[in-house]
Structure formats: C-alpha cells, structure tokens
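Thank you all for coming. I would like to walk you through one model this morning, beginning with a pair of helices and ending with the core.

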Amino acid sequence: MKIHLKHYLLFTLIALISINKSFAQDVNQKIGDLMSQQKMFELKEMHSEVKDEIVPFLSYFAEAMLCNAYNTPEKGIIAIDSLLNNSQYQQQLGLHNISYLILLKSGFLKNLGRNKESVEMLESFLKQTKNQIQDKHLKRNLNLTLKTQKLLVEHSCTSMDRPNKKLSIDYTIDKAGKGISMNFKCKVNGKKTKMCIDTGCPEYTFVSEKFAKEHNIKTIMDSIPIGGIGSGYGKLGIAKSMEIGDITFHNPLFYVVDKILPTDTIKLDAVLGSYLLDMIGELQFYPQKKKIVFPKEFTKLKKNESGNMIMKDRHLFVKLKQDSKDIIMHFDTGSAESNLGRHYYKKHKEYVEKKGMQDSLRLAGYNGITRQLGYKMPKVHFNLNDTDFYIENMPVFTGEALDKWGEDGYFGTDFVQKFDKFILSYKHMFIRVKR
C-alpha cells in the first residue's frame, strides 16, 4: 500500500566529512558518502570491515543509522548517546544533525514503549534550542513527534499476549483490481472482521471512519498528515484489544481516514499495519496451504549470512539479484501486483523498450490514482538466496510515482505466492524462501 506519514524523518547529513579535512579521500570519506546517500546495505558491509579504522565520531553515527535500518533500537540508543553525551562530538555534529539524532532516538524509544522518556528528551531539547532551529520542516517534525508521544503517554502502551508455542492462521487470496491481496480474519474489540496483510503500511493499522465507528475505535488525535499517491489528513485511534488467532494485542493504535478508496491495492476497510507484524517478530507464509505460521522461536541468520532486508521510514526493502547484479525492491504486500519503477527504467531503458510492450499503467494508493505511460515486460527473472523465480507481465513505470526511496520497484502479494515457504523476519531483518 503506497502510504507514508508526512512527518517521516527527512534526513540530510550535512557534510560530516568536511568538518575535518583529514577525513578527505580515505575510508572515512567513503563511509560518509554512503551515509549521506543512505546506501544502508553497502554501509553495513563496509562498516563491519573498517570499523576499527574510522574515527569514532563517524562510526557511532553510522551505527545509529544502521540500527534504524536493521531494526535494533536498543543498540541504536547506545550509539546515539555516545554522540550526544560527548561535548566534542556535539560541536562536530552541529544543530541540524543533533536534531536528526534526537528524532531518531525518539523513534527508538517509542518502538520500545518508552514514550515518557522520549517526551522528556524532546521537551528538554526544544526548550534548549528555542528559536535556534531554522529548518521549519525539521522543527515541525520535532513538535509533531512531541505532540503525538505526549498523547501516547496518556494511554497504555500497545502490548502483546501469545501462548508460548507455534501458532498459525489461515488467509485467503482475493481479487484486488488487476492483482491479488492477502486477507485474514481477526477481531477488533471482540468484533469479527477481515483485514489485508500489508507490509507497506509502515506503522499502525489503517482503517476507514466507517470501520472505526463499527469497532469502537476511540480517536485520541486529529489532523495527522498522511500521504500516498495523494495526500490528506487522518486521525489516530486506539482500541482495547485486537486478536489475530491466539495472539492478543492490548491497546493497539490505528490511523483512521474518511475512507480507503477501492483501488488496485485495497478492497477492504482495514489494513494491518507493520507495527504489529514487527511485534510478532516473524511470519512464515505457506502459500499452498494458505497459512501463516508464527513460530515459537525465531529463525536465525545462517553463519556468515547478512540480513537482506532493511527499513526506511519503517518501510521494508529487500536486496536480491537480477542477472547477477544487485537490485533493491520495496516489499509491500498491500500492492496488488509487483512492478518496476523509474529508477529501473532509467538503468535498463534500451532493454525495457525493446522487450516490453508500451502500455498506459494505472497506479493506485491512499487518496489517489494516477496513470502514466509505461511498459509491460512479458517475464522478469530474479534470484533471492540462490533461488530463481520470475514474474510475468510485470509493469515498468517510467514516471516519478514509484521512486521515493530510490528503489527499483515493488514486490507485492504475488511475490509471496511464488514460493512453497516464505519467511519474513522483522527480528533479524531478512526474507528467506523455499520452492
């Protein structure tokens, strides 16, 4: 599902390398370039190799960014505190980068349920920097984050109860525009309903006003800016409980909008947000059986294996191969079909125009529908963890609608259905497949 919050963290690393001329043209410069470009897969690989060779200041900053990408908030807080508690590092950072780190730490604290601590930190920082932050967008982000987390402090944190055993639920594959969606049965405040499984819904569960009213979801905040193909405003709501099989969430949060348009991505009034999927930690899809298993113990990375998935603004991105070259795809099961975007088209323009059939493509998401000239590729091959697969009739968009993070395209629900077993690990940030 193509949605995002307008108050996501917009980060511009202000020439950290230029602070010290001795950094230039060496390994520190290379690390800094990867940080500025937010190339997190490359940054992780290089940082692990040269960690002892780069200056500590830069290493801590890289670690904080990597912890955000690889979903390790506890380690991220340690890295950020190592920077913010050192007066020399503060001078090197400057106010803009300190503000970014404060926002980043507030996100880590929120994910750990430490909202009160986050509020105290934000209030103290904004008081100390009153009238000093010149970037209006950054200042608005800080104040909106504070306002939201103050409200969360007034309510009990979302928590999860689950039996200490392997659990499973059934799901259905339903028609969604030209593609398909994965839907499952659940309960909200004890009332039965259905939801779409959407890894592209980056945070809380996304529901319509109608759904919120029918399921007694209480509004706790108005006027939250939300964007997707279009843009608009929503509300933040809370329920007493939500049940997914034998798993019960207490005080789950919801984004509430006037309505979810019947687009190619969504046919329901409710979309399960990835915040709850992250709390579960790992999902194992069995497409032939139409089952999702929540294992008792998390699957671990293999020896010398690095996670092939990262987060950007809580969206998931997976790295895999195409023709032995790396390709980055946004993993969004709320998307009815997989597609390739503008960045891919620009890199492979001659091949796409030769092999593809020109077509008018429709792209739909929250609060908007757009059409643009593109191509349909008869068959596109990929390789994930030494497993080959292909997607037929794959759209290639040539416009700017699908290039927010510089990804090559989107993998939707059809991607998951290609395999006999599909492991999605939020805990260790990887996707593993078996055919």
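This is a predicted model: local features need pLDDT of at least 70, side-chain atom pairs count only at pLDDT 80 or more; totals for chains, interfaces and linings use all residues.

Which helices and which strand do the buried residues of H3 pack against? They pack against helix H1 (27-37), helix H2 (40-50), H4, H5 and strand S16 (309-312), where I count a contact as heavy atoms within 4.5 Å, and where helices (H or I, at least four residues) and strands (E, at least two) are DSSP runs, numbered from the N terminus.

Residues are numbered from 1 along each chain as its sequence is written, and side-chain values use heavy atoms, with hydrogens and water left out.

To stay with H3, 11 of its 14 residues are buried, so this helix is largely enclosed by the rest of the structure; buried means under 20% relative accessible area, exposed over 50%, and partly exposed in between, with a 1.4 Å probe and protein chains only. Among the buried residues of H3 are Phe57, Phe61, Met65 and Cys67, and also Glu63. The end C-alpha atoms of H3 are 20 Å apart, which agrees with the 20 Å that its 14 residues should span at 1.5 Å a residue, the expected span being 1.5 Å times one less than the number of residues. After H3 comes asparagine 71, whose phi is positive, near 60°.

Turning to H4, residues 73-84, we have 12 residues that reach 16 Å from the first C-alpha to the last, close to the 16 Å expected. Its buried residues are Pro73, Gly76, Ile77, Ala79, Ile80, Leu83 and Leu84. Seen down the axis of H4, these fall within an arc of 165°, so they line one face of the helix, the arc being that of the directions from the helix axis to the C-beta atoms. The face turned away from that buried side carries the exposed residues Lys75 and Ile78, and the cover over the buried residues of H4 includes H3 (56-69) and H5 (87-111).

Finally, the core. The largest nonpolar core has 127 residues, and those with the most contacts inside it are Met195, Met242, Phe285, Phe411 and Phe422; such a core is a set of buried Ala, Val, Leu, Ile, Met, Phe, Trp, Tyr and Cys residues joined through side-chain atoms within 4.5 Å. H5 gives the largest share of this core, 10 residues.
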